[in-house]
Amino acid sequence: MADARDRPRVHVEDVWALPTPGGPNDFPRLLKLMSGGDTSDNPSWIARTLFAIRWKLGELFGWDDPDSKVGSRVATLRDRLPADLREGPAGPTFERLPFTSVFLTSNEFVAEMSNKTCHAAMHLTWVPDGTGRYRGQMTVLVKPNGRLGRLYMAAILPFRHLLVYPPLLKGIAKEWEAQANNFSPQ
């Protein structure tokens, strides 16, 4: 019998203050930006290369096969929500990223993804920044899938923090600024 310490637990993997300064009603703009993202347009060539390697490894080892997705390997988090959230809108459809929307409120959104390494949730919220303005905050929660998942998450940690997230945040800031005058909530 497996020891309880061997069972994967959900934990907070990352928390980021997003470079998305705005007003109290700009949360839909953040959702549009995040749901339209793509790993192939990361502003860093090294981050794009790391993502390309990850997708290729996933293809070779079957990490991203259909039987590893939400609804196959793991039940969707939406099924575990309280009735008021479960009956509300799920949120936007992701154009190119492997996320499925879970729930959406006026200032909070969760999307999830699953593969053979982990089940992860991305939580976005729109928070006051202390200056009378607002900004996005992103929290990533992860439940590794066994030993493979724990090893994988440990192996990618330095790459995420040193090579992926810094240019990703710069790209979000650049896109946020570029769309400031062109945003339509539809």
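The chain has 4 helices and 5 strands. Here helices (H or I, at least four residues) and strands (E, at least two) are DSSP runs, numbered from the N terminus. Read from the N terminus on, the elements follow the order β-α-α-α-β-β-β-β-α. Keep in mind that you're looking at a predicted model, where local features need pLDDT of at least 70 and side-chain atom pairs count only at pLDDT 80 or more, while totals for chains, interfaces and linings use all residues. Residues are numbered from 1 along each chain as its sequence is written, and side-chain values use heavy atoms, with hydrogens and water left out.

Let's start with the overall form. Along its principal axes, the C-alpha trace of the chain spans about 55 × 45 × 30 Å. For 186 residues, a compact globule would have a radius of gyration near 16 Å, and the chain has 17 Å, which agrees. That radius is taken over C-alpha atoms, and the globule rule is 2.2 Å times the number of residues to the power 0.38.

What share of the 186 residues is buried? Buried residues make up 39% of them. The word "buried" means under 20% relative accessible area, "exposed" means over 50%, and "partly exposed" is in between (1.4 Å probe, protein chains only). The accessible surface of the chain comes to about 10700 Å², and 58% of this belongs to carbon and sulfur atoms. These areas come from the Shrake-Rupley method with a 1.4 Å probe; for residues, only the protein chains shown count as cover.

Now for contacts, which means heavy atoms within 4.5 Å. Of the contacts in the chain with a separation of 6 or more, 63% are between residues 24 or more positions apart.

The buried ones are Phe27, Arg29, Leu30, Leu31, Leu33, Met34 and Ser35. What covers them includes strand E2 (100-104), strand E3 (108-114), E4, strand E5 (134-144) and helix H4 (146-178).

Next, the aromatic rings. A pair of aromatic rings is described by the distance of the centres and the angle of the planes. Rings of Phe, Tyr and Trp (its six-membered ring) pair if their centres lie within 6.5 Å; planes under 30 degrees apart count as stacked, over 60 as edge-to-face and the rest as tilted. A search of the whole structure finds 8 aromatic pairs. One of them joins phenylalanine 27 and tryptophan 126: this pair is tilted, with 6.5 Å centre to centre and 40° between the planes. Phenylalanine 27 lies in helix H1 (residues 27-35) and tryptophan 126 in strand E4 (residues 118-128), so the pair ties together parts that are 99 residues apart in sequence. Both phenylalanine 27 and tryptophan 126 are buried. Another pair is phenylalanine 61 with tryptophan 63: their ring centres are 5.6 Å apart and their planes are at 25°, so this pair is stacked. Are these two residues buried or exposed? Phenylalanine 61 is exposed, with a relative accessible area of 57%, while tryptophan 63 counts as buried at 13%. Ring pairs also link Phe27, Trp126 and Trp176 into a cluster.

You'll find phenylalanine 61 in helix H2 (residues 45-61). Phenylalanine 61 and alanine 180 are 119 residues apart in sequence and 41 Å apart in space, C-alpha to C-alpha.

Back in strand E4, have a look at histidine 119. Histidine 119 is buried, with a relative accessible area of 10%. Leaving aside neighbours within four places in sequence, the residues in contact with histidine 119 include Val70, Arg73, Glu112, Ser114 and Leu141.

Threonine 100 sits in strand E2. Threonine 100 is partly exposed, with a relative accessible area of 41%. Beyond its neighbours within four places in sequence, threonine 100 is in contact with Ala111 and Glu112.

Finally, arginine 147 lies in helix H4. Arginine 147 is exposed, at a relative accessible area of 63%.
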